[in-house]
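Subject: Handover of a structure and the findings from it

Dear colleague,

Please find below the structure that I am handing over to you. My findings follow it.

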Amino acid sequence: MPGITREEVAHLARLARLELQGEELDHFAGQLDDIIGAVARVSEVADQDVPPTSHPLPLTNVMRPDEVRPSLTPEQALSGAPAQEQQRFKVPQILGEE
Amino acid sequence: MTVTDLVSYEDALDTYDPVMGLEVHVELGTKTKMFCGCSTTLGAEPNSQTCPTCLGMPGSLPVVNAIGVESAIKIGLALNCTIAEWCRFARKNYFYPDMPKNFQTSQYDEPIAFDGYLDVQLEDGEVFRVHIERAHMEEDTGKSTHVGGATGRIQGARHSLLDYNRAGIPLIEIVTKPIEGAGERAPEVAKAYVAELRELIKALDVSEARMEQGQMRCDVNLSLRPKGTEKFGTRSETKNVNSLRSVERAARFEIQRHAAVLSSGGTIIQETRHFHEEDGSTTSGRIKEEAEDYRYFPEPDLVPVAPSREWVEELRAVLPELPRVRRNRLREEWGISEHDMQSILNAGAVDLITATVEAGADSAAARKWWMGELARRANEDGVELAALPITPEQVARVTALVADGSLNDKLARQTIEGVLAGEGDPDTVVEKRGLKVVSDEGALGTAVDEAIAANAAIADKIRGGKVAAAGALVGAVMKATRGQADAARVRELILERLGAKE
C-alpha cells in the first residue's frame, strides 16, 4: 500500500481551502494513510466479479414528473445565511486585488 | 496583447493549422429544476425559487427530472449519438459560491449520449461534418453579483451577492471531438456549428436556446499546430461566447493571437480566456494547471439512469425533421438560391416566413415583407426580427389585402407601420388610417379626367400611340389620391379614356 505523501496532503488542503502548517501536514498524512489502509481492506474480500457500486440499492431510473412544487420563501431560504443583502446571500470577497 | 500585435489572419493560416473543440451548454426549457421541483421561470425575484435540495441543505435528497432525461436523449439522438444503456451522475467538486452544495451534479465518465455527429452547412452550401464526443446532463449554477469593484467584475469586488434561482436548472453540455481540417474556414465552421445546434435544439422543442439570454452558451477551445504536423498544440479555452457572431470572432482572434505568440518563439499557456464584445479580443482568465482537479466521484444520492431501448426508440421515432434538411426542402419549395436562403437564415426569418405562408400568404410575398420592410425595421430598432410587434398572421393578412387589390404596396407599408406602432391588427389599421385603395370608380374617374386635363400634351402623345408616356399620368393620379389608388387600374382607365391600347 503506497503511503499518502506530505505533498498529497498539501494538494488536498489547497483544494479544500485549508491552511495547514508543516507539522499538520505530517500529522494528517499519517492519519489519512491509516484511514485509507482500513478502507482498502475491502479489496481483500471484493472479488473480480463484484462490480464497484455507488449505491446500496439495485435501483435505476428513479425519476419525478416535471411538475412545480412549492419553493421556500426568500425569507426562509435566507434565514440561515450568516449575511444577506438585497435578498441575496452575501459572501466574502472571492478574489483578492489583482 | 492588443489587436495590433496580432499576426494577420492570412499569415497565420499560411503557417498553422487550427484545431477546435466546442463545448456548448444548453439550458433546458423544463418547468422545474433538474433535481428538485423548484420553478425555472426567468425573472423571478431573487431566491424565490429555491428549496433545501438546490440550496444544498443537509439531509435533502435530489430526484431526477424525467423530462430532463428525455430531453437529453432527444438531443443525443438528433446528434446521431449512441444512448448509454446505463449511466450515472457524478459530483464535480469545487469551491465557489455559485453552487451552495460545493459541487455541481454532472456526469463524468458515463455521459448519457456519446459518439455522434452533426452535419453543418456553410454559407456557400458546403457541408462539414462535426463529430460529437458526448452530451451529458448537469445543472446550472447560481447568479453572482459582485459588489464594490469599479466595473461590477469579480476583480476588485468587496463582496458578492448570490441568487440561487438558476442553481439547479437542467443543462445539457455538448462537446465536440477535435474539429480538424477546417483550415481557414475554422471560425466559419464554429459559427455554423453553433447555429445548426441552436436550430436543432429549437426544432426538438427542448429549449428556446436564446443565446442573448444565456440559454445557450459556447466555450471555444482552440489550438494551432504547424501545417503538415499531427500533434495538437496547447489550447486556450475562451469561455461564455454568447452570440453566433462572437463565436466566429473569438475563433478568429485566437488563431491570430496564437500565431503571433508561436511565431515569435513564445509558448501558449493553457488557460481560460474571456471574450470582449467591444473589440472582439480575448484576455487571460485563470490558468488551468491543477485548478482543474474536481475530484469527481459517482453521485451517491442518485441511482443510475438506464434508459430502456423501447423508450429510446419511441423518442427516435418522433424526432422532428432536422433543420438542415428542412431548410433545403423549404429552399426548393420557395424556389430560391442558396445565398437567399442563407440571408433568410441569418435574419432569423425561416420560421416567420414559414408561419406566414401557413397563414395563407404566397411565399414570395411573405419573403418580401420579412426580408424587406420588416428586416429593415428590426435592424433600425436593434431587435431580432421575431421580436417585432407583428405576427406572421398579421403579415399574411396584409399580403391578402394586397392580393385582392384592397391595398397597394405603399398602403401595405403604411398598414404594417401601423401594426408595428401598436394601432391594432391590419384591418383595424386600414380602417382607422383610411388606407383603402380608392376603388370607387367615380372618384377615380374624376381624378383621371383631371390629370388628363392638366397634362394635355402628354395626353396627346398617348392618343398618338405613345403608351409609355402613360406613366406620368398614372403618377399624377397617384399623387392626387395620396397613393391610395390601384396603379394598374389607373393605367387602364387612362388608356381607355384616351382610346389607346397597350
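A residue is called buried if 20 or more other C-beta atoms lie within 10 Å of its own, exposed if 12 or fewer do, and partly exposed in between, with C-beta atoms placed from the backbone. The model is a predicted one: local features need pLDDT of at least 70, side-chain atom pairs count only at pLDDT 80 or more, and totals for chains, interfaces and linings use all residues. Residues are numbered from 1 along each chain as its sequence is written, while chains are lettered from A and ligands numbered from 1 in the order in which they are written.

Strands of chain B

Helices (H or I, at least four residues) and strands (E, at least two) are DSSP runs, numbered from the N terminus. Two strands pair if DSSP finds at least two bridges between them.

Strand E11 of chain B, residues 216–226, is mostly covered, with eight of its eleven residues buried. Eleven bridges link E11(B) to strand E1 (residues 16–27) of chain B in the antiparallel sense, and B:Leu22 stands opposite B:Val220 there. E11(B) also pairs in the antiparallel sense with strand E12 (residues 236–241) of chain B, over four bridges; B:Asn221 has B:Glu237 as its bridge partner in E12(B).

An open sheet of three strands in chain B has the order E5-E4-E15, with antiparallel pairing. Strand E5 (103–106) and strand E15 (297–298) of chain B are at the edges and have a single partner strand each, so one side of each is left without a neighbour in the sheet. Strand E4 (residues 90–93) of chain B is joined to E5(B) by four bridges, and B:Arg91 is found opposite B:Thr105.

Cores and one buried residue

A nonpolar core is a set of buried Ala, Val, Leu, Ile, Met, Phe, Trp, Tyr and Cys residues joined through C-beta atoms within 7 Å. The largest such core has 83 residues, and those touching the most other members include B:Ile112 and B:Val220. Helix H3 (residues 186–204) of chain B gives the largest share of this core, ten residues. Apart from it lies another core of 49 residues, B:Val402 and B:Ala459 among them.

B:Glu138 belongs to strand E7 (residues 127–139) of chain B. B:Glu138 counts as buried because it has 22 C-beta neighbours inside 10 Å. Two residues are in contact if their C-beta atoms, placed from the backbone, lie within 7 Å. Leaving aside neighbours within four places in sequence, the contacts of B:Glu138 include B:Thr105 and B:Leu171.

Domains of chain B

The domain bounds come from an automatic or database domain assignment. For chain B it gives domain 1 (16–221 + 293–315), domain 2 (347–433) and domain 3 (441–497). The C-alpha centres of domain 2 and domain 3 of chain B are 30 Å apart, and the contact takes four residues from each of these two domains.

The interface of chains A and B

The contact between the chains takes 34 residues from chain A and 42 residues from chain B. Strand E3 (88–92) of chain A is one of the elements that supply at least two residues of the side touching chain B, and E3(A) gives the largest share of that side, five residues. E1(A) pairs in the parallel sense with strand E2 (residues 64–65) of chain B over two bridges, where A:Met63 stands opposite B:Val64.

Yours sincerely
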